[in-house]
Amino acid sequence: MAQSVPPGDIQTQPNAKIVFNAPYDDKHTYHIKVINSSSRRIGYGIKTTNMKRLGVDPPCGVLDPKKAVLLAVSCDAFAFGQEDTNNDRITVEWTNTPDGAAKQFRREWFQGDGMVRRKNLPIEYKP
């Protein structure tokens, strides 16, 4: 069964962090690419540490082997320097989809005993 095999690797572009540049009086959108570099179909979900400030579209989906998806990470306007942004990040979580599953994302894939992998992308705010 697919769930007993650990999920393979993904790649993100950018690889290490997301950078937003001032001014922060308007909404910013930054595009990141998530690439399924494994040989199995995966389900992915994106989490953020600050739901008020950060959004991701689409927040979840299914990715076939060797395929990629472009995600829009948006940062809403906020008072730069007056809010704590030190822990802001998005986390990509992914897991193998069950054999024969339809190509439609299901939250249950992340709640069973299958293995879920994570990749953190810290967010840097430049003045």
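Me: Where is the place of serine 38?
Reply: Serine 38 is in the loop between strand 3 (28-36) and strand 4 (42-48). Strands here are DSSP runs of E, at least two residues, numbered from the N terminus. This is a predicted model, in which local features need pLDDT of at least 70, side-chain atom pairs count only at pLDDT 80 or more, and totals for chains, interfaces and linings use all residues. Residues are numbered from 1 along each chain as its sequence is written, and side-chain values use heavy atoms, with hydrogens and water left out.

Me: Why is serine 38 called buried?
Reply: Its relative accessible area is 8%. Buried means under 20%, exposed over 50%, partly exposed in between (1.4 Å probe, protein chains only). So serine 38 counts as buried.

Me: What makes the approach of the serine 38 side chain to the side chain of asparagine 36 a polar contact?
Reply: The distance is 2.7 Å. A polar contact is a pair of N or O atoms within 3.5 Å; within protein, one must be able to donate a hydrogen and the other to accept it, and residues adjacent in sequence count only if both atoms are side-chain atoms. The pair therefore qualifies. A polar atom of the serine 38 side chain also lies 3.1 Å from the backbone oxygen of arginine 40.

Me: Why is strand 8 described as largely enclosed?
Reply: Seven of the eight residues of strand 8 (residues 89-96) are buried, so the rest of the structure largely encloses the strand.

Me: How do you know that strand 4 and strand 8 pair?
Reply: They share seven bridges, in the antiparallel sense. Pairing needs at least two bridges found by DSSP, so the two strands pair.

Me: What makes strand 2 and strand 6 edge strands?
Reply: Five strands form an open, mixed sheet in the order 2-9-8-4-6. Strand 2 (18-21) and strand 6 (60-63) each have a single partner strand, so one side of each is left without a neighbour in the sheet.

Me: Why is the pair of tyrosine 24 and phenylalanine 78 called tilted?
Reply: Rings of Phe, Tyr and Trp (its six-membered ring) pair if their centres lie within 6.5 Å; planes under 30 degrees apart count as stacked, over 60 as edge-to-face and the rest as tilted. Here the centres are 5.0 Å apart and the planes 40 degrees, so the pair is tilted.

Me: What makes the pair of tyrosine 24 and tyrosine 125 edge-to-face?
Reply: The planes stand 75 degrees apart, with 5.7 Å centre to centre. That angle is over 60, so edge-to-face applies.

Terms used. Helix = DSSP H or I, 4+ residues; strand = E, 2+ residues; numbered from the N terminus.
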